[in-house]
Amino acid sequence: MSTATEYRPHSLTGRLPGKRVYRKNAVNTGFHGTLGRDNYRSGRIKDSVLLDCCCGSGGMFVQSAKFIQAHSGNIGTISIYGQEANPDTWKMAIMNLTIRGLDADLGAYHADTFTNDLHPTLKADFILANPPFNYNPWG
């Protein structure tokens, strides 16, 4: 599952080649800067709320959990919230997080964050986002 969701998501989700898909190392670089070792060491990640409002298959949540575990942390101390507009990708994200033991609230159904925010009152400590800027009908 890991290899499939990280390297060939378009074949599983129906997305056409040419849509932007980021490799694991690019994602790692991005959120190492966001979560950062200093934030983790100072305890600012513990009991934090992570939000990805365009979560795709949940890969950034998986990498966040790996980052926390690599720094001797407990992934049970974070709360994960996300949302995805594509129904197939939303289902894959739920499966991806579930098989890794990550408890997440991705909403009761798939929905576009801009037109139907499923977490309107949520206050997040860290926002992880890779918005689909190249997707024409987005937003």
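Predicted model: local features only at pLDDT ≥ 70, side-chain atom pairs only at ≥ 80, totals over all residues.
Residues are numbered from 1 along each chain as its sequence is written, and side-chain values use heavy atoms, with hydrogens and water left out.

Let me turn to the sheet. The 4 strands form an open sheet in the order S3-S2-S1-S4, with parallel pairing, and two strands are said to pair if DSSP finds at least two bridges between them. At the edges are strand S3 (104-105) and strand S4 (126-127), each of which pairs on one side only. Strand S1, residues 49-52, pairs with S2 in the parallel sense over 4 bridges, and Leu 51 stands opposite Tyr 81 in S2. Across S1 and S2 lies helix H5, residues 59-70, running at about 150° to S1; axes here are lines fitted to C-alpha atoms, for helices over the stretch in contact (heavy atoms within 4.5 Å), and angles run from 0 to 180 degrees between N-to-C directions.

Is Gln 83 buried or exposed? At 1% relative accessibility Gln 83 counts as buried, because buried means under 20% relative accessible area, exposed over 50%, and partly exposed in between, with a 1.4 Å probe and protein chains only. Leaving aside residues up to four places away in sequence, Gln 83 touches a set of residues including Asp 52, Cys 53, Cys 54, Cys 55 and Asn 116. A polar atom of the Gln 83 side chain lies 2.8 Å from the backbone oxygen of Asn 116.

That list brings us to the cysteines. The structure holds 0 disulfides, a disulfide being a pair of cysteine sulfur atoms within 2.5 Å. For Cys 53, the nearest cysteine sulfur is that of Cys 54, 4.4 Å away. Cys 53 is partly exposed, with a relative accessible area of 23%, whereas Cys 54, at 18% relative accessibility, counts as buried.

Finally, for the chain as a whole, 37% of the 139 residues count as buried.

Key
Polar contact = N/O pair within 3.5 Å; in protein donor to acceptor, adjacent residues only side chain to side chain. Helix = DSSP H or I, 4+ residues; strand = E, 2+ residues; numbered from the N terminus.
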